[in-house]
Amino acid sequence: MTEIFGISPQALLSQLLIGLVNGSFYAMLSLGLAVIFGLLNIINFAHGALYMMGAFGAWMGFTYLGLSYWLCLLLVPLAVGAFGIVIERTMLQWLYKLDHLYGLLLTFGLALIIEGLYRQAYGVSGQPYSTPELLRGATDIGFMMLPNYRAWVVVASVAVCALTWYVIERTKLGAYLRAATENPKLVQAFGVNVPFMVTLTYGFGVALAGFAGVLASPIIQINPLMGSNLIIIVFAVVVIGGMGSIMGAIVTGLALGVVEGLTRVFYPELSSTVVFIIMAIVLLVRPAGLFGREK
Amino acid sequence: MFKRRLFSTLISGALLPMFVGAASAQQGKVSDGVVKIGVLTDMSGLYSDLGGKGSAIAAQMAVDDFGGKVLGAPIQVISADHQNKADLGASKAREWYEAEKVDMITDLLNSGVGIAAAKVAEQQKKIAINVGAASTRLTNEDCTPYTVHYAYDTYALANGTGKAIVKQGGDSWFFLTADYAFGHSLEKDTADVVKANGGKVLGQVRHPLNASDFSSFLLQAQSSKAKIVGLANAGGDTINSIKAANEFGLTKNQSLAGLLVFITDVHSLGLQTAQGMLLTEGFYWDLNDETRKFGKRFFDKAKKMPSMIHAGVYSATLSYLKAVQAAGTDDADAVMAKLKSTPINDVFAKNGKIRVDGRMVHDMYLLQVKKPSESKYPWDYYTLKATIPADEAFQPLEKSTCRLVKK
């Protein structure tokens with residue numbers, strides 16, 4: 001059998017696919033961050049905690065209320081989004097005029113509080129959540145056994161990402177949103193309710209995090225620290241893609257998942273660092289990120 | 001008038017040395033009039049379910065069982081979070097020994113923190129009884145006259161689980177190793193045991209601590225075709241490795257060996273996912289009536305069954321207090337001499353002995369995680385497969401590189 005750098009093509013293909021699965025999570029989370037940063041100018045550090053809330057939401061829905069996975073996939077993002085709207089209305093809206101740093105500090109503090117509360121209530125070992133009946137088992141796709149659930153993750157996240165991109169870049173609503181970021185006063189003067197739109201946008205970005213959390217819950221142990229383990233990488237993804245760029249967040253998220261997957265084969269010790277090395281290089285060469293525009 | 005003043009001065013002059021004498025006699029027995037026990041642990045991070053608040057509860061239970069007083073002096077338990085940072089742990093230990101007059105520090109999980117605190121204990125000439133850390137360095141190159149390594153170590157885990165699995169026919173291994181001192185040491189100790197018993201090691205993959213996803217590491221383990229995939233990691237990393245192994249169907253043709261799995265991990269994974277796994281622990285709450293009674297008492301206070309670390313902290317605190325009582329003082333040297341010369345008999349250990357290198361040797365248990373159908377009541381998780389006798393469970397004293405061992 002021919003080998004590429006000592007690895008069989010089958011193994012390589014399966015690693016690429018796994019990278020793509022992880023990349024889907026990066027893409028969804030960084031997309032939420034990019035939407036929020038692009039339209040609100042808030043660096044939402046609470047994103048990881050909200051992702052964790054999504055995963056816990058699925059677990060709570062099942063454990064306390066007996067709700068199915070599919071119902072949770074619909075309801076939990078709405079609940080997390082609503083929670084986000086409360087945050088935006090009560091706290092964030094006062095910070096838009098100030099430096100980015102204030103929003104970052106506020107959301108970082110919120111993340112610590114949310115995580116602390118969950119840790120207090122559930123400990124850190126986490127809660128198990130089983131894969132929904134329909135998606136159990138694995139399919140033989142020639143070069144590997146692909147767990148059905150992982151395939152579903154890729155499909156669901158690509159669909160959500162594509163839809164988000166379409167709405168923001170190609171519809172009238174998206175045009176209003178983008179116009180409101182460029183010049184809120186002017187758009188307001190045309191009779192568009194800008195603060196309301198901003199609130200909904202934040203709610204939507206946060207709901208994306210909740211959605212990713214529910215998607216992740218059968219794969220990894222649901223614990224209060226799961227968000228903070230992931231959020232730093234996701235921020236690196238956003239920076240590499242270009243702060244605020246929707247397409248940048250999606251493409252970079254998927255691509256970095258794949259790069260990370262390959263690193264895990266060739267030099268596993270580097271796998272948690274490789275994203276940051278790429279970030280450093282990108283910042284040196286293109287400070288605005290791969291898809292960002294210089295302002 | 002003058003006479004009376006002279007008289008009282010004389011009286012007080014005569015009495016004063018008596019008071020001072022009495023006070024210093026008291027001081028000779030118990031310094032500062034109180035015996036303070038510090039529980040230094042991870043209160044909020046990834047190991048906080050293994051030790052954490054539960055350890056503080058266990059230490060307090062030991063104090064209550066002892067009667068709350070030793071040599072007439074009250075006993076106090078304090079606790080703090082070292083956040084898994086060695087420098088923070090060391091400075092907290094120093095502050096406790098120096099300013100807070102803490103007499104003994106226990107728990108000390110996380111090998112990095114444990115080793116740093118051991119060094120402080122030696123400088124301060126105060127006692128540190130390490131229950132939570134795994135590294136054998138504590139009783140080898142980093143041993144001190146003031147440290148005891150109480151519950152378990154990587155050698156005992158490797159020896160228990162590794163040997164048993166090779167004997168059952170699991171003779172080819174692949175390791176999934178956490179890429180830091182603890183993981184490397186656990187991998188090395190287990191690989192040695194596997195080879196010594198006629199097995200072979202086909203390879204290993206080192207993953208970063210707190211890795212976000214294990215599927216790609218598990219695919220590598222899968223393609224190695226090894227019969228056994230040894231998990232030389234801990235806490236959340238172990239949990240997520242096991243979950244991913246189930247998902248990718250690795251457990252159909254290969255078996256997992258959890259090299260450091262605590263009952264809290266099994267609880268959080270659920271039996272469906274964890275079933276069949278072999279592991280080694282120093283304590284299980286459902287071994288006999290005594291452990292069950294302790295387990296239930298602990299459960300009432302902590303809302304979960306005790307881990308090996310919780311039971312170990314209880315036993316370590318109790319042993320320490322018994323040694324203070326027997327020595328008639330809380331002076332560290334006298335208490336250490338008593339600790340090392342008295343066998344330990346309580347709910348945690350039967351005929352446990354603290355060796356000169358600080359290793360507390362006691363029976364270890366080879367356990368297997370039950371199938372969901374076999375579990376009859378909450379926390380009914382393990383079947384006892386074998387009791388590993390104390391003198392076989394730990395690294396032999398003659399192999400210790402501790403400077404206190406005379407050769």
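## The sheet of chain B

In what order do the six strands of the open sheet of chain B lie? In this predicted model, the order is β2-β3-β1-β4-β5-β6, and the pairing is mixed. The two edge strands are β2 and β6 (147-149) of chain B, each of which pairs on one side only. Strands of a sheet pair through backbone hydrogen bonds, and the pairing may be parallel or antiparallel.

Strand β3 (residues 73-81) of chain B runs parallel to strand β1 (residues 35-41) of chain B, and seven bridges join the two. Within this pair, V39(B) has S79(B) of β3(B) as its bridge partner. On the other hand, β3(B) pairs with strand β2 (residues 69-70) of chain B in the antiparallel sense, over two bridges. The strands β2(B) and β3(B) form a hairpin with two residues between them. In the turn, L71(B) has a positive phi of about 50°.

The bridge partner of N130(B) in β6(B) is H149(B). A helix also covers part of this region: α3 (residues 86-98) of chain B lies across β1, β3 and β4 (104-107) of chain B. Its direction is at about 175° to β1(B).

## Chain B as a whole

Chain B contains 15 helices and 15 strands. Its radius of gyration is 24 Å, close to the 22 Å that the globule rule gives for 407 residues, so chain B is as compact as a globular protein of that length. The C-alpha trace of chain B spans about 100 × 45 × 35 Å along its principal axes.

## Helix packing in chain A

Two helix pairs of chain A may be described in turn. In one pair, the axes of helix α1 (residues 9-40) of chain A and helix α9 (residues 226-241) of chain A come within 9 Å and cross at roughly 65°. This angle makes α1(A) roughly perpendicular to α9(A), and the crossing is right-handed. From α1(A), the contact uses Y26(A), L29(A), S30(A), L33(A) and A34(A). From α9(A), the residues are L230(A), I233(A), V234(A), V237(A), V238(A) and G241(A). By class, this contact has nine nonpolar residues, two polar and no charged.

In the other pair, helix α2 (residues 47-65) of chain A packs against helix α4 (residues 100-122) of chain A at an angle of about 30°, with the axes 8 Å apart. The helices α2(A) and α4(A) are therefore roughly parallel to each other. Their crossing is left-handed. G48(A), A49(A), M52(A), M53(A) and F56(A) of α2(A) meet L110(A), A111(A), I114(A), E115(A) and Y118(A) of α4(A). Eight residues of this contact are nonpolar, one is polar and one is charged.

## The contact between the chains

How many residues does each chain give to the contact? Chain B gives 33 residues and chain A gives 28 residues. On the side of chain B that touches chain A, the elements that give two or more residues are β8 (200-207), α7 (215-223), α8 (235-247) and α10 (263-269) of chain B. Of these, α7(B) gives the most, with six residues. The residues on this side of chain B comprise nine nonpolar, 17 polar and seven charged.

Key
Residues are numbered from 1 along each chain as its sequence is written. Chains are lettered from A and ligands numbered from 1 in the order in which they are written. This is a predicted model: local features need pLDDT of at least 70, side-chain atom pairs count only at pLDDT 80 or more; totals for chains, interfaces and linings use all residues. Two residues are in contact if their C-beta atoms, placed from the backbone, lie within 7 Å. Helices (H or I, at least four residues) and strands (E, at least two) are DSSP runs, numbered from the N terminus. Ala, Val, Leu, Ile, Met, Phe, Trp, Tyr, Cys and Pro count as nonpolar, Asp, Glu, Lys and Arg as charged, and the others, Gly among them, as polar. Axes are lines fitted to C-alpha atoms, for helices over the stretch in contact, and angles run from 0 to 180 degrees between N-to-C directions. Angles under 35 degrees count as roughly parallel, over 145 as roughly antiparallel, 65 to 115 as roughly perpendicular and the rest as oblique. A crossing is left-handed if the near helix is turned anticlockwise from the far one by less than a right angle, and right-handed if clockwise. Two strands pair if DSSP finds at least two bridges between them. The radius of gyration is taken over C-alpha atoms; the globule rule is 2.2 Å times the number of residues to the power 0.38.
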